Structures are given as structure tokens and as C-alpha cells.
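Subject: Structure for you to look over

Hi,

Here is the structure I promised. Please open it alongside this email.

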There are 2 protein chains.
Amino acid sequence: MFKTKYVYMFNEGNAKMRELLGGKGANLCEMTKMGLPVPYGFIVTTTACLEYNKQNGELDDKIKNQIYNSIAKLEKKTGKKFGDDRNPLLLSVRSGARVSMPGMMDTILNLGLNDISVETLANKTNNRRFAYDSYRKFVQMYGEVVMGIDNSEFEKLIDKKKKAVKIEKDSEFTSEDLQELIADFKTLYKKRIGEEFPTSAHVQLINAVCAVFRSWQNPRAVVYRKINNIPSDWGTAVNIQTMVFGNMGETSGTGVAFTRNPNTGAKEIYGDYLPNAQGEDLVAGIRTPMPISELKEQNPVIFKQFVDVCRLLERRFKDMQDMEFTVENGKLYILQTRNGKRTGVASLQIATDMVKEKIVNEKQALMMILPSHLENALHPTFDPKELEKYAPIAVGTPASPGCATGVIALTNQKILDNKENGKDSILIRFETSADDIEGMHASNGVVTVRGGKTSHAAVVARGMGIPCITGCSSIEIDEKKKTVDIGDFTLREGDIVSIDATTGKVYKEKLNIRKDIVSDNFKTVLSWCDKYSTIKVMANADTQKDVHTAKIFGADGVGLCRTEHMFFEESRIKAIREMIVADNEISRERALKKILPMQKRDFVNIYKEVGDMPVTIRLLDPPLHEFLPKTELEKEELVKSVNGLTLEKLNEIMNGLKEFNPMLGFRGCRLAVAYPSIAKMQTRAILEARIEAEEKYGVKPNVEIMIPLITGKRECKFVKNIIQTEANEVLQKYGKEIDYKIGTMIEVPRACLVADEIAEEMEFFSFGTNDLTQMSYGLSRDDSTKFLKTYLENGLMEQDPFETIDIKGVGALMKVAIEKGRSVNKDLKIGICGEHGGEPNSVKLCQELGLNYVSCSPYRVAIAKLAGAQASIRK
Amino acid sequence: MFKTKYVYMFNEGNAKMRELLGGKGANLCEMTKMGLPVPYGFIVTTTACLEYNKQNGELDDKIKNQIYNSIAKLEKKTGKKFGDDRNPLLLSVRSGARVSMPGMMDTILNLGLNDISVETLANKTNNRRFAYDSYRKFVQMYGEVVMGIDNSEFEKLIDKKKKAVKIEKDSEFTSEDLQELIADFKTLYKKRIGEEFPTSAHVQLINAVCAVFRSWQNPRAVVYRKINNIPSDWGTAVNIQTMVFGNMGETSGTGVAFTRNPNTGAKEIYGDYLPNAQGEDLVAGIRTPMPISELKEQNPVIFKQFVDVCRLLERRFKDMQDMEFTVENGKLYILQTRNGKRTGVASLQIATDMVKEKIVNEKQALMMILPSHLENALHPTFDPKELEKYAPIAVGTPASPGCATGVIALTNQKILDNKENGKDSILIRFETSADDIEGMHASNGVVTVRGGKTSHAAVVARGMGIPCITGCSSIEIDEKKKTVDIGDFTLREGDIVSIDATTGKVYKEKLNIRKDIVSDNFKTVLSWCDKYSTIKVMANADTQKDVHTAKIFGADGVGLCRTEHMFFEESRIKAIREMIVADNEISRERALKKILPMQKRDFVNIYKEVGDMPVTIRLLDPPLHEFLPKTELEKEELVKSVNGLTLEKLNEIMNGLKEFNPMLGFRGCRLAVAYPSIAKMQTRAILEARIEAEEKYGVKPNVEIMIPLITGKRECKFVKNIIQTEANEVLQKYGKEIDYKIGTMIEVPRACLVADEIAEEMEFFSFGTNDLTQMSYGLSRDDSTKFLKTYLENGLMEQDPFETIDIKGVGALMKVAIEKGRSVNKDLKIGICGEHGGEPNSVKLCQELGLNYVSCSPYRVAIAKLAGAQASIRK
């Protein structure tokens, strides 16, 4: 029978064996293979971990035997002996899963020591204190990490000892103090565990390996896996490595370094070095390390050696590296290397530099960049030094990233006034609604008391690229007094605040903003995306300004232009209201005639900016009651301005339009069916504007008219007929031939199921995954914040379906719709618009499903492009 | 090449050829084949109709030729000659589609006449007046029906003539008057059509045939087909038959008769006979016909002959027949036979009698009964004579059938007071809500101003079996004055009204009710259903009374017991409110403890009635805000009764529970996830009641606990765990082993798509097609009345999806769920609960999809049983 290999010596593996050896182990093997100075060792595989857990926590003898054999090989290589009193081989034991994971067991150092071998170590190093401190550390780590004794119990003993010998710092302990402390530790150990501290190195090692395996199942690791979609059957490996000591004197030391600057991306070694210290001294931060650049002067030989290693590793791993190293008695050892974390700006710099340096090609460079990097590189941030100075006074949900400062404004009017006076405002409200669009647009940032990442404020703010914090529940607004209580402070309207919506924090000081603009690197990366992506990225843009922004980020056109946002403006809403209260087609058309020139003007401006790209315009979608007067004053005004309208009748109309579930009510194409004149007016505006834009500005955008909320073929035909009839009239009147398309949103589950029939009538599909998610899950976005949190925290949903497309539900419906749609028309253009269109995992799904484009808010265009390119390359 | 046969002589077809020959034609053939006295003729097929329409209204020569050949055969058979002046063959031309359809061309009689042959007819019959009146009729019918001249133009000429000759009745015209009138008709014809009235019999015939074919496409027929789901590619046939004349003197006559009494089902010939008349004289109602039974005395030979024909036809067509016949000079001719329409009571009588008479077997008898027959046989109706006496004062939508009288009540309290005083009430409200359940339950009938067939009042009333009229928009309620304006009348609370909710009519008089009870025939039919149906029928029953009713109608158990309806009672709602406002688990559990014994008592009572059948109990489903106080008074009461609660805090809680789209909000299993103690209490009540019911009453119902609104597997597991843990505790405490099941509603589209995962956790599925329809269509039942009507009227939907399951959308999702669910557990029990469960077409779909049961309101159980049995037999 084939004998499973559970243990690999470092020279038996390589970087590609992450699944079996874990990330850390695979890289240690790779470095060993490269001939780099890595302390020798071996790896117990992830398979052994799974085996261990399958056996309910018994480590099989065949695994144990392979470990013992590997120890023998290590002994041969080092000339030392594991468990020997006079020439002991000391080891470190570390966990190492396929990806780095919090909650897993970390590190045990100095394994192999006991009461006798510690003396040998003391004599050999001629440093009793070092030897006993090493032993103390080992006993403590083993007791805590392997056997689960609470670390505070050890710390209490240390404190007691300090008081007894009247010292303040650990470093003041003499070797005798430490020796006594170790004895105390062992007494504690026996009390808690019920047996003596193990003196056998082999017992210590096997127990340590089992502890690592067990830690794969500890609650924090389980939760982390759930949240990050890491399968529980990956398991973790164990890395067992010969100890080296950075704390053996001034020719020793330890360091952590990046091969490039992780903040700026500059090509320079970046990191810290601490002479005469071990790794955890650096982490503990008791002594201040020196910048690694100083090592160049202190020890040019080691430094040059280190720089060479950095360059070699970058070429081998094809990415910027984050390394741990130790110098023992003037000899350099590399303990670990991995791809380094970096800021957005650095990420772009490194990617473009590495292409220039021919370390990676463009595709590889694209795969190095995280979507969050692009996002990060775009949003204004506060100066990091300022953030250290001030404490936030409230923390909410980071709903739309970015930073802003301004004076508090509690009403939309206040914001508009401030704007006129050249003042920046932060809008603070209990929650926002469609009425607030204008105010939000004029504000620099938004904070709401209620809501989550998908509440109205969040969605609109992200669409506008305005920073927004939602669910800031510690805020209390007093509308009458015009004050805001935030934590212990009472602020007034007009007081300054700063908000960091990337972290969700609110400050009462004015913080300085560092705004990064679209850099050359950014543009380079976008050009690569266009080169390798098979999916286009359009923008959701309702104004000329939106289109302008979208173009900066490389949008391939406008995938969704919502006509209703144009309706909320002061001058227009009156005409809309007249249209709604009209009791016959003639008055309705009269009101619509007032709106026509305004809509037309909007479209001309948008087309001018769109140029010759496609632009998809959606017919009026929201329920009519959203446009109705909200205050008694507005009602009176409306009554006055409409002939024959009484307050009583208006109230009746308003009551009639009230809905129990507006999401499932009188909206979308249902409006066009009930009031064809609205669809007619919009069609006319769309096409007349197209003619005018071409005449005035020479642009020829590809106009696509999109029908919302379609549920079946007959509805399609009916509305299409309204559009075509009106369009023919317009084109005939102007004697023009313009190629326009008519398509539909697919945003109702039924539409997916009858997509073949719909495709017979429509020229394109655009998935409205927001509504599709709400209806598939029976989950209202606005109402779900209350309970969705409980669901996500308890892992009752794999992810927030409003953030990432739910593959099993919504994704399955999309698949059906695509297959059915293309079965009728194989060239059917299919896209997606809405929030998911700018979310990387969802873009990946869209690419895999074969969509032609995604459409998202202008500020998400670049991120979607990157996600699309990465999915295309991966495929 | 194969030559298509477009024309069939009567002896060439049979009853099975409805598709090709139409219903009427096929039956004429069958009767001819049986040797019955049918005036000979032939049929132009439906295929010819389709051909004609494909050729854009040109009748192909090959069809024409086949018609001419058939005429020759007729001539040979009758010894007369078509178009001949001296021995003319006269024909009738009638349309005849596969099913009878309004809007189609009806009849042309006496075709073949012209100015010369009319004289021959006059001489032969020795009756000039008869001959010229026949000719006058033909010219008028041809002008109107074939050529499309407005009939009023002919009628004007008739009126003019009457004035000229100073008579009042048509029958007073002399043959000379008629001759002049015919001349006037022909002048009119020429003016309108531009050519002379055709004298050629062949031209007349071909034009008549074409007119029938064209009438297939006329708007009224098209709309009727759309509404009744009749494919437009069926086409119509044309029946061409030798004329016989019932108006040739006293030994002639015409009649219409049923082979059994269509009102009672009694085995007696039932119908009218009019001596010396043609068919349309009977229809026109100018002369009063005699009951056909009198023919027995007048002409016993003909009568006996006719009775024999009836019995023969019944045995041949295996159903009660509705016939037209003519006696020409003492000779009986059968002109038409078809299955007769009948009342519900008659339908059951005929079905059971025909089985006894061995005319049909039980399966065939079941197929004869329409679901509406059963319904009709169950609902109380007003005495038909009373209905003739009084005029309705308002008409609304018939939302829940039945009749009722009572005094007007505008509030629930009023109804309860009336009930205490032994008075019957009719609840009249603008619309109803969950609050009104108690009042509705105590009322005899409900009328609402707003709403349609699927509004709250309609659904609840149907569930309760209470008559209900909705959308009675001519009613105005003045709550303060306690008056109701209906049409021209102002009624006060306490005034008597009668409502006929089967027709939607409201009367201001007290009408007498004739209540039919469940008859022996009804029981016999139900027993056949049980014998042949493969699908069980359960009832939606929330109370002991509901269960009792359901059992009368043969329910196989309780498929849905909604626990929330029990919560609305005065004494309980207080505890529920305390539970909702509880700010910690302890106070919540305290409130729930108050409810526990009440719920338990409810369940014991239900179980007692259920006996050993299954009973499916659904955990709390509606959004909590439905239970909250509605008035300030109720709020104050609540504040007083709960320790530490302030009005401010209550308002805050109530605001927090407000939802934009409650349908998609915090309800269903989301309640159990957020407040496990509710699910625990209910589980305890369900199982403790089970134990008590067995001990006290010896019943052993199969208890099934159903979780609402499940969207995925993890949610299932979570709630299942809550239920199981509590259940184990209860069973251990009482030392009992009870086999209970845990299952889920499938009412969210996503649940269908992940049904395989859900089936791993759940023991049964029950489709909630109400919500599934709302979510699949994005269509709120409560809000859709406004625009759904427009959709249905314009044919934008094939049918009202809340009435009949939408096969393409909801049906497709159900299919996916069933396939996925059974792929994991092939014995998975699957059913449906909700409104569709009692609708015959939906039951048919459920049977075809392989569901184990449907569950519907108690009053629909019998109808569902019939539909299920019919679908099973059909399969």
C-alpha cells in the first residue's frame, strides 16, 4: 500500500505546496531550495491535521514515527541531539495554514529545554541569564499555549517575584530569580495539569504539534473561517525549525523588513532592527528598534547580504515581501517570508514598478492589486498624524468611504445655505429619504443615526462618492434646539466636525485631509484592465457630473441613467405633482409637457459628456407617492396651482397612492401601463435630446431605453409599443434615422424564469440585483438592518446578500435568465446595474456567468474594472 | 400528394372529432351515425378556417370545390337542388368551434332563397306569408351577419313600413308588405355594399362560410379567447344543414329541452315547446311557449319519440343533454345536442343517478361535476323569487360567496354587542385589517368599500366561509354620524341589509335564505374523490370550529394552523404586547409564560377535533407591529401594565418596529431567530397539548411543526435546534415519546432554489404560494388591486396570479423546489397551503407536480378534493 507522507523536510517542498505544507512552510521550503540561510527544519502536513481531527485528537503512530525520523535527520544536519543534556537541539514550533489566520496557535520557542540542558545552554553561551530566561519563556509558552493554563497565572507569579526581589522590570531578574520563577511555574503547572512538567523533549514536541492541530478548531478560528469563507477541511500544517538566537550579544539581533516601502511603494528596504534581541522583543515594543537602513552603517556586510536576499525573494515570489530574520553571532538567518501588506498607493507603485523591472508581466501585476487598494488609493484620507492626536467621539458603520470636515447641518436647506456662503457641511440626520438627495449632493459628508451599509443614505452616498457613516446610534438629534448630542458632547448646528467614513469615526476637531488624485500609476493599471478584461464596466450616472467622474475612472459608457432623480428638483417636482393629481389624460399631458423640455435638457447635457459611448436610460421607476407633498404647506401650494383641485381631493389621491409594500407596488413599468403618457414624454425627451446633441455637439451616443420591473412578455410588448410609436413619431417629425435599443431590467424573480419569452421582445437585459435580492430572499433592504446583523453574526447567512450577490439564490436565477435569454437570442446583451456591479466578488460572478457588462456608481468603476480583469485572467 | 379533406358529410364524422369539426358539428355527426333524425348536412373544418385566415381572407379553390361536391351529395340525398328555382334546397349556416364561444357568428337561415325560389316555396307550402317572411329574414341576416350592415338600419325600415301600413306587430305584415320590405332591404343593401344582393345560392353560401371564418377573429371573440385561455389556432368549423321548418302550421313546432331537470337534477324531460314556430321565435320570447311535458298530451307519438332520443343521447354522450329540435309537419328533427348546464345541486343529483343507472362509472361521473357546482351546492342562497322582487342598491366585487342578512355594524364592538343580543350583523367597513378578525368572525357577512378578490377582507372571509363583498365603491361611511350612504339611500347602523356575495349585490330589504346542507349526494361524490384521488386535501384551520367544518367536507387533516390568529383575542393581545416591549429575555419569558397555557388550551381543543389525523402548526409568522396598540388609550393601558415602560419608550419601540415593506421584513422565522423564547413557548404548548389531549381524549394527532419564511439551510438548522431542544425537555419532563415532525414553508423564491439544502434539515415542505407569488412577481397583494385590473383587462397577464397559480413563474419555482427537495429525500412530504390550495386549476397543477397534499380553507376542501380527483383521473 501507498504510504502517506505526513512530514516534509524543508528541502523536500517548494512554494507551490501551500495546500499541503501551509503558506509559511511552503515558503520556508522554497527559500531552502534557493539556498538562502534558513534554519533547517521540517513540516508536519495539513493532511496530518485532518487525520488528527478525524481520529478525535489522537496523533497516529505512523505520523509520530515520521516526526521522529525527521528529528533524526535534523540531528544529523546540525550535529546536535534533540533531548540531549550536553548538546541539545532546540526547536521552534509554529502553525501555518494555507492562508494566515487569527485565532490559531502562534509560536513555541526553545522547545527541547529541561532542567539539565538549560545548564548546558548557559555554559555554551556563557550567558546564564539568557539560558534561564529562554527556559522561563519556554515553560510559560508551553504551559499556556500547549496546555491551556491561563497566562495571567504566570504573570501573577512574575509580579509576585518582582515584588519579592524589589525590582520593576523583567530585565532586572537575575538568573537565580529566573531559576526560582521556573520552579514556581512548574508548581503551578502541576497544580493545574495534575502531572509534572514534561522533561522529555519528544513528549514536549508531540504535545506541541497536537496543540497546533487542536487550535484549528478553536472558536475564534472557526468564526474567522466562517466569515472569510475558508473551508474547514483545509487544516493547518506545523512548522518545526531549529532555534537561532538573536539575543546572544551585540553581534546578534532580530528584524522585520519589507522589500519595498509598504506606505509609498518606493523601492527601498523598509523595516526595524533590534540588536541583541529575539523576535518577540521587537513585537513587545519594550525597546525602541532602529530603522533597518541604519544597519547599513552598523553592519554593511550583513545589510548587503540581506538586500541581496530581498531581491532574490522578490524575483522568486514575484511580489513585495514581508520578512522576519535573525542575526546570530554575525550570521544572517531568514525565518519567514510572505507577500507584504501595503497601502493602495504603494500597491499601484509596486505593481507598475515591478512590470518595468520585468519581475512580473502586466497580468501578474494586475493580480497583485486588491480591489481595496484601488479604493484606498482614491478616497481622501486624514493625515495619519492627525488621527493619532484626536480621539473619536462616536463610531458608526463605515457606509461610504472617504473623509470630510464641515459644519454640522441638520436640514437640507441649511446645507444649501452653507454652500452659498462657501461653507462645507456635514449632514447629520436620523435617516435620509428621497427628499434628501439634493441636500446630500451639496454636503461633504453624511452621518445617520439609523441604518446600515445598505440603507438609503449609504446607497445614495456611495453612488455620489460622498463619505457616509450610518447607524451612529450614540447620536441624539434635537431638531428644535438644533443641537446634536454625541457621546458626552453637545454640539450645535454650525459647529465643525470631521468624519472618517472609512473607519466610521466622528471627530469634533477639524482634521486635515490628504487627497490622493488619480495618478499615472492608476491610469496605467486601468489600461491593463481594459487590455485583459472580457467584461465592460459602465457607470450608473444620472447627471453630467456623474458621467464626467465616471469617465475619469475609465467607464465604458452609462449603464443606468435613473430619470427619477432629475424629478426631485424644486422646479420640476411641482410639474410632477400636477401630473400625478391630474384626473384626466389631457391635464396629465399638459403637466408632462412642462417637464419635457427639462428632461430633454438633462439628456442633452448627459449625451454631450457621454460622447459616442452607449447610454442606457431607465423609464420612471419609483412609486408615485415618493413625489407627493410632504408638508401641509407643500400641499396648499399644490392645491393652489392646480385648477379644480381641493385639499380634500388631494388627500384622497394621496391616500389612494399609499401602499403597504411599496417595493412590490405601483411602480416600474406598471406606471407606464397605467399612464402611457409618462413613457411617451420620456421617449420623446430621450430622442429629441439625441437629435439635438448630435446637431449641437456632434456626439452620437448609442441610446438604449430600459423598462423597469418587467414580469412577462405581454407587458414588454405593451410598453415597447408605446415607446416605438412615440419614437417613430419623433423620428418622422425630424426626418432622422436613429438606431436606438429597447431593453429591460431583470429584477423580479419571475422575469428570470420567463426570460426566453422576454428575450423575444427585448434587445438587452440588465439585472437589477438589488430588487432581485430583496424579492428572492423576501428581505427588504430598508427594514433588514434590524435583524440582518443577528443573521450575519450567527453565520445564518454566508454573507450579506446586499453586499455580494447571493450565488445560490440570486446567482441561480441569473443563470436561468441568461441561459433562457440567450437560447432565444444568442447575442443578447446582458449586464447588471445597481450596487453589486461595483463589488469585486459580484463582478467576478458576473464575468463567470458571461455578462457583457457591469454598471456601478462612478466611484466604483475602477474597482469593478480591476475585478473584471482579474476574473478574466483567472479564467 | 395527400389531399386535405376540408369538408365532412354528417355521416363521415363522429363525436370524437371535435377538434376538426367543432363541438356542434361532431355531435351532429354522432347523431347521424346513431340514426337519429338529423336534417342532413356537412361541415367545413376548422383546418379550412385556419387556411382561410392564413390566406388573408381568401377561400382557396380546393376548399370551394369540396363544398360544391358536398352540396351535390346533399342534393342527391334530398332530391332538391341548391339554387334551383322550382325545387330549391335551402340551408342553414352556423359556426361551431371546439367549445361554445360568444362573439362568434351565430346563424343564417333559409340560405338559397331568391326572388324566384321564394315563389316556389310559397306555392309548395301553400303559405305566401311564411315564404316571404323566411326570405325577409334571410336577406336581413345575410345583410347584417355576412356583410356587416348595421341591423338597426333594417329595423328602421321595418318600423317605417309598420307606420306606413299602420300596424303594430311584425306578425301583422301581409305577404305583400313583406315583399315591399324585401325590396327596401335590397335597396339598402346596394347602397351600403355597392352591388346587388346576390341571387346565386353558391355565392351566398361561400360568403356565409367566409363570414363565419372571419368572425373567429372579431374583437369580442379574441377577448373571450384571451380571458378563457383558448388558443387562437383552434379555429372554428362551419355547419351547413338542410333547413327544416317548425313554422309550417299546427303540426309543426320547435323546442329546446334538457334530458333532466337542470335545476334539481330530477330525471324528467325539461324544456319549452312552441307550436308553429322557428327556433328564434322561442329565443325572442314574443309568444309564451308551453312546458315540454304538455307535448305528451298534445302529441304523444312525437313526445315518446323525443324521450327515446333523449335516453339514447344520454347513453351515447354519457351526460345530461341540452337539445334543440324542430317538428316539421309531424316529423321530428334534432338540430343540436350538447352537454347541458346545470346548478350545483342538479350536478350532484345527475352524477349519482347516472352511476346508479349505469350510464357512467364513478370516474366518469366525477369528471361531469364542475368545481363551481360543488361550491354552488354549498353556499346559502336567497330564494330566487325574492331576488326578482327587489332591486340591489349597490354592487361590488363578489369576494366570498354566500348570502346573509343582518343589521349594519360599523365597528367590531357593535358586532359583538349584537351577537350578545342575538342579532345578526353585516360588517360594513372602508377596509379590514388584522384587528377585525374577531369582529368578522362574529358577523354574518362583510362589505368593504375598498379592495378586490384578494384583499384582506376577501381572503379572511373566504377562510371563514363568511359571505363578503369588496370594492363596493358607491358606499360612503360616516363614522361619526354612524350612517352609511349607499347609492340614493342613507342607512344607519342597526338598519337591516341583505347581501348576495355570490353576485356582489347589496339589498336594503331582508331577504329569505334557502340554505342547502351537505346532502347524501355530496357525500357520495366526496367518497368517490377519496377513492380516485392521489392527492390529499387538508384544511387551513385555526380553531376547533374550523376543524369541525373541515371534517364535514372530508378534510384529511389540518395542513395549516396559524397560531397568530389566536393571539388577537382581547385577553391574549395584552400578554403579546408585554412580550414585544420586553427589553430583556426575563421579562419576555415572563410574558410568554402567560400565553403558554392559553395556546396550550387552543391546541388541546384543536387536537380533540383532529383526532388521529395530521395537524401542521405554523410558528408565529406576522410582523410584530401587527400586535401593537392602535389607539392612544391602548397605549396608555400598556404603559400602565408594564413595569418601567414609559409612553416615550413605547413610542420608540413602536417606531423601531415600523417597516417600509413589512411583507419583506421582520417576520416569519426571523422572529424565532431574534426571540428564540417565542418559538420555545410555542413548541412547549404544541407538545404539552399533545400529551394532554391523548390523556384526556385518547386522540393521537400527528403533530407537525412548521417554520415560516425559511430562506436557507443554516436558518433551518438554527430554528430546528431551538424546537428540538425545547421538545426534548418537554418529552423528558413528562417521560413521553411522541413522534413529531419539523418542516418548513417554502414561500420565498430563494427557498425553492436551495430546496436540496433545506431538505437535508426538514421533514416536509409546504408551499406558501401567496407569498411566493407576491415575491416572484414583485407584486403586493394588498396594493395591486389598483393596477392589476388594468393588467387583466388588457390581457397583460394570462390570469390573476393570486387566484390561479402562475405556472410559468411560481409553478416553475415549485418544480425546482420539488425536484431539488426530493433529490435529497425521495419520500419528502410536500404540500401547499394558502388561497391557491382550494382553486381547481391550481390543485390540478399541484397534482401534476406530484404534491402529496393541498391545504385550503375548510369551505374549499370539497372543491379541492374534486379538483384533485379529476386531475388524478385525467392523468
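Below is what I found in it.

This is a predicted model, where local features need pLDDT of at least 70, side-chain atom pairs count only at pLDDT 80 or more, and totals for chains, interfaces and linings use all residues. Residues are numbered from 1 along each chain as its sequence is written, chains are lettered from A and ligands numbered from 1 in the order in which they are written, and side-chain values use heavy atoms, with hydrogens and water left out.

**Chain A overall**

Chain A has 35 helices and 31 strands. Helices (H or I, at least four residues) and strands (E, at least two) are DSSP runs, numbered from the N terminus. The C-alpha trace of chain A spans about 105 × 65 × 55 Å along its principal axes. Of its 875 residues, 58% count as buried. Buried means under 20% relative accessible area, exposed over 50%, and partly exposed in between, with a 1.4 Å probe and protein chains only. Take the contacts in chain A with a separation of 6 or more: 67% of them join residues 24 or more positions apart. Contact means heavy atoms within 4.5 Å.

A:Arg136 sits in helix 5 (residues 128-146) of chain A. Why does A:Arg136 count as buried? Because its relative accessible area is 12%. Beyond its neighbours within four places in sequence, A:Arg136 contacts A:Ile158, A:Leu178, A:Leu181, A:Ile182 and A:Phe185. Its side chain also makes a polar contact of 2.7 Å with that of A:Gln140. A polar contact is a pair of N or O atoms within 3.5 Å; within protein, one must be able to donate a hydrogen and the other to accept it, and residues adjacent in sequence count only if both atoms are side-chain atoms.

A:Lys720 belongs to helix 28 (residues 713-734) of chain A. A:Lys720 has 16% relative accessibility, so it counts as buried. Neighbours within four places aside, A:Lys720 touches A:Ile707, A:Ile742, A:Glu761 and A:Met762.

**Nonpolar cores**

A nonpolar core is a set of buried Ala, Val, Leu, Ile, Met, Phe, Trp, Tyr and Cys residues joined through side-chain atoms within 4.5 Å. The largest has 278 residues. Those touching the most other members are A:Phe767, A:Leu851, B:Tyr607, B:Phe767 and B:Leu851. Apart from it lies another core, of 98 residues, including A:Tyr135 and A:Met323.

**A helix pair in chain B**

Helix 6 (residues 151-165) and helix 7 (residues 175-193) of chain B have axes that come within 10 Å and cross at roughly 145°. Axes are lines fitted to C-alpha atoms, for helices over the stretch in contact, and angles run from 0 to 180 degrees between N-to-C directions. Among the residues that meet are B:Phe154 and B:Leu157 from helix 6, and B:Leu181 and B:Phe185 from helix 7. The contact residues divide into 7 nonpolar, no polar and 6 charged. Here Ala, Val, Leu, Ile, Met, Phe, Trp, Tyr, Cys and Pro count as nonpolar, Asp, Glu, Lys and Arg as charged, and the others, Gly among them, as polar.

**Positive phi in chain B**

B:Lys318 is not a glycine, yet its phi is positive, about 50°. B:Lys318 lies in the loop between helix 12 (300-317) and strand 9 (321-328) of chain B. B:Lys318 is partly exposed, at 33% relative accessible area.

Best wishes
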